[in-house]
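The sequence and the structure come first, and the description follows.

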Amino acid sequence: MEKVYDPHAIEKKWYELWIEKGYFTAKSSSTAPSFSMVIPPPNVTGSLHMGHALNNTLQDIVTRFHRMSGFNSLWLPGMDHAGIATQNVVERELAKEGFHRDEVGREKFIERVWEWKAQSGGTIIEQLKRLGSSCDWSRERFTMDEGLSRAVREVFVRLYNEGLIYRDNYIINWCPRCKTALSDLEAEHEDTKGFLYYIHYPLADGSGHLTVATTRPETMLGDTAVAVNPKDPRFGKYVGQDVILPIVGKKIPVIGDSYVDMEFGTGALKVTPAHDVNDFEIMKRHGLEIVRVIDEDGKMNENAIHYEGTDRFDCREKIVEELKEKGFLEKLEPYNLGVGKCYRCKTVVEPALSLQWFLKMKPLADPAIKAVRDHKVRIIPEMWEKVYFEWMENIKDWCISRQIWWGHRIPVWYCDACNEIHVSVDTPDRCTKCGGALRQESDVLDTWFSSGLWPFTTLGWPDKTDDLKTFYPTSLLITGFDILFFWVARMIMMGIKFMGDVPFKDVYIHALVRDAEGKKMSKSKGNVIDPLTIIDQFGTDAFRFTLTMLAAQGRDVMLSEERIEGSRNFVNKVWNASKLSLIFMGDEKPSLTVTQSSFLPDKWIRSRTQKVIREVKAGIEEYRFNDVANTLYAFVWHEFCDWYLEIVKPNLYGKVDTFDNTATRATLYRTLTDILKLLHPVMPFVTEEIYQRLPGREAAESIMISDFPVFNESEVNAESETQMETIMGIIDVIRNIRGETGIAPNVKVEAIIRTTGQESLLKSYEYYVKELAKVEKLSFVDSTTPEHSAVGVYKGIEVFVPLKKVIDVAKELGRIEKEINKIDEECRKISLKLSNESFRGKAPAEVIAKNETQFGELTAKKDKLLASKIMLETIAG
């Protein structure tokens, strides 16, 4: 084996082999129990970011684990057509050529999108392969492929025929940049500093005025009423009267409506039905006029009189000036408001009256709520259930139409001759009523409509396929919390509606990947870490192991290059430990007929291995990924490498022949094999490379199709673990004394032990204690306390190390004193910072926490030095 592990030399080799051999491919005809999972389809425009990396690493761990555990495992991949995002990309490409989409026309534009997809789309799929994702690429789907397009039309037609899909004028979120409607979820609300404008609306009879408070004075040009709460004693006498709309000069009524909040502003509300969803509802109750004053471009239209053609925000400033000049503006106050922005281009959305297609959600939501309440679908961590219920129980009808060209065109055709509407899966030739020509609906469906059908349409629905029979419902969905409503809830609703069963049994919600200081990664902050750069620098296995180690349930991942570097060190540790183990094993597979070695470290490592097998299996099954990684790290690095390999070296190098080395070689072979298999789901590449080098390898030609280790209780040996812990404890005590008293690494010491009951055990393994603790002479005493000795205790066993001959006590005391003084000075500086109110008020929380941690570490270090000082002073007399 090479001296240093080089991931770049082996990752591509093994991934290509796995695909070539078909290891990722599931079989719908298999009699094995099935495990299935659909990938959250990344956008066709996307490239790998940290969220993808975490999400797909966790999915791959679970898939590889189930595949090795004998399950017929399907991880189904694919991409989303990402309507608005993809259209924006291609529009920008056209703009570079000097064209607008309207100039090329719909058909040509769609052709350009497909061309772009063929040439540039799907970059992320190749990036997921670099991550080691063991998806069944033979089943890769695209939300606009022929099969899924047919399924989408089928779903639309069925829902329409059941009366769940309808078309109506309603206030929707309109993006003036993308020129399309957005669902409530796609309008992301941001807290923004604005103003509350107090405007006088003169009473028509000239007896005074009503003062109205609004955050959007530009929409007042479309006001058709002023509303007050009928229970408000201040305004009861005005209900039924008219006021004059400032600037416009027309009369509008004062109406009473219980919706009006008496505490907001003045208690009098301007009603603009064309530009506010709540005002729209008031309009329906009172039969008010609708006047739209802002067009689809976000500019004032002809109803805005002399402001026609003005940008809506410029208009706001100009109207305020005009109101001020004419004496209508009473005052303005700073006011924080939630402004909706397009999730894709961040343009401020405009609430606008528009004719759109809607899906009734409550009939679909009720069964989906029950499914989660009855735990037919488990959401993990459980805290997300509450969020799910809150949204589902207050769900509104979903605006499913989008005014763009790229997407699933709504399967509705209009006959302009007789106004007949045709809704059909297949394209009709003529109007069935009058024989006239038909015109298809120009709108497309919201991207999330087709995504919501993903778990069953990707398996062949509406056909009754073998895949659907074998793999639906799927076993698990792993996703981020940001698409719990966009996607997860809708899949549950659609799965129950069209399959009669939930789409998955478990939903594991992972958290965000943040930077080392806990900040969200963003290009503007300059703290984005590129996964591909990390893979190039550290290797895929180190990257995956880091993400897994940090993926605690309900806790954001704080990622830093230092953590990834630590994982790379772990990968190298596994590589070097395996290299040494393979040297000990030789070219031939060790005999495994010896089932139980008499050598205590062999019995101990097999017992510990079994417990780790049990912990890792439970950790993966319970989605405690960080526990899996931390368990493996501690076991491999500290128990297998630091202890077991070190303690068996003398035997396998032939220095000691007291025990059966054949049994130790067999134990080493079995333990290393188990370690590689346990690590494989997290670190697939390095484990495959090492597995292929095992002498006389198992029947499996690849580790990824070998059997995952199964817990074997017969190897669990509590007595051996206790005895081994005693030996390790004594060695640690001697090592600690050496460190605390400054004994040079090359100096061997004498150790004297006082114990009751453990002398026989320690004498049996005396050689190993002396070898690992660098002890020249080991002896036992009954009651005498050796003079001038440092003492340590392990579970009642006293260990004495005479110091006079091995260190200069006075010199060591001087060194300790200098170290303590240095720590005192550092602590003083940190303490001054932490006690400074200005520092605490201005410094970020993570900086304060870092200082507090540093202070604690220095204090702990000082305590150890003081203990060493007291010990040496006692010895010095």
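Helix 15 covers residues 484-499 and is mostly covered, with 13 of its 16 residues buried. The model shown here is a predicted one. After helix 15 comes Gly500, which has a positive phi near 70°.

**The sheet and the helix across it**

Strands of a sheet pair through backbone hydrogen bonds, either parallel or antiparallel. Here four strands make up an open sheet, ordered 6-5-14-16, and their pairing is antiparallel. Strand 6 (180-182) and strand 16 (398-399) are the edge strands, each pairing on one side only. Strand 5, made of residues 165-175, runs antiparallel to strand 6 and is joined to strand 6 by three bridges. Opposite Ala181 in strand 6 stands Trp174. Helix 8 (residues 277-286) lies across strand 5 and strand 14 (350-359). The angle at which helix 8 runs to strand 5 is about 140°.

Is Asn527 buried or exposed? The relative accessible area of Asn527 is 13%, so this residue counts as buried, the cut-off being under 20%. Leaving aside residues up to four places away in sequence, Asn527 touches Asp515, Lys519, Lys520, Met521 and Ser522. For two of these residues, the table gives a distance to the side chain of Asn527.

| Part of Asn527 | Partner | Distance |
|---|---|---|
| Asn527 side chain | Asp515 side chain (polar contact) | 2.9 Å |

**The packing of helix 16 and helix 18**

Two packed helices are described by the angle between their axes and the distance between the axes. For helix 16 (residues 531-538) and helix 18 (residues 561-585), the axes come within 11 Å and cross at roughly 40°. The crossing of these two helices is right-handed. Which residues make the contact? Helix 16 contributes Ile534, Gln537 and Phe538, while helix 18 contributes Glu561, Ile564, Glu565 and Arg568. Sorted by class, the contact of helix 16 with helix 18 has three nonpolar residues, one polar residue and three charged residues. An α-helix has 3.6 residues a turn, so residues three or four places apart point the same way.

Key. Residues numbered from 1 in each chain as written. Predicted model: local features only at pLDDT ≥ 70, side-chain atom pairs only at ≥ 80, totals over all residues. Heavy atoms only, no water. Axes fitted to C-alpha atoms, helices over the stretch in contact; angles between N-to-C directions. Left-handed = near helix turned anticlockwise from the far one by under 90°. Contact = heavy atoms within 4.5 Å. Nonpolar A, V, L, I, M, F, W, Y, C, P; charged D, E, K, R; others polar. Buried < 20%, exposed > 50% of the residue type's maximum accessible area, 1.4 Å probe, protein only. Pairing = 2+ DSSP bridges. Polar contact = N/O pair within 3.5 Å; in protein donor to acceptor, adjacent residues only side chain to side chain.
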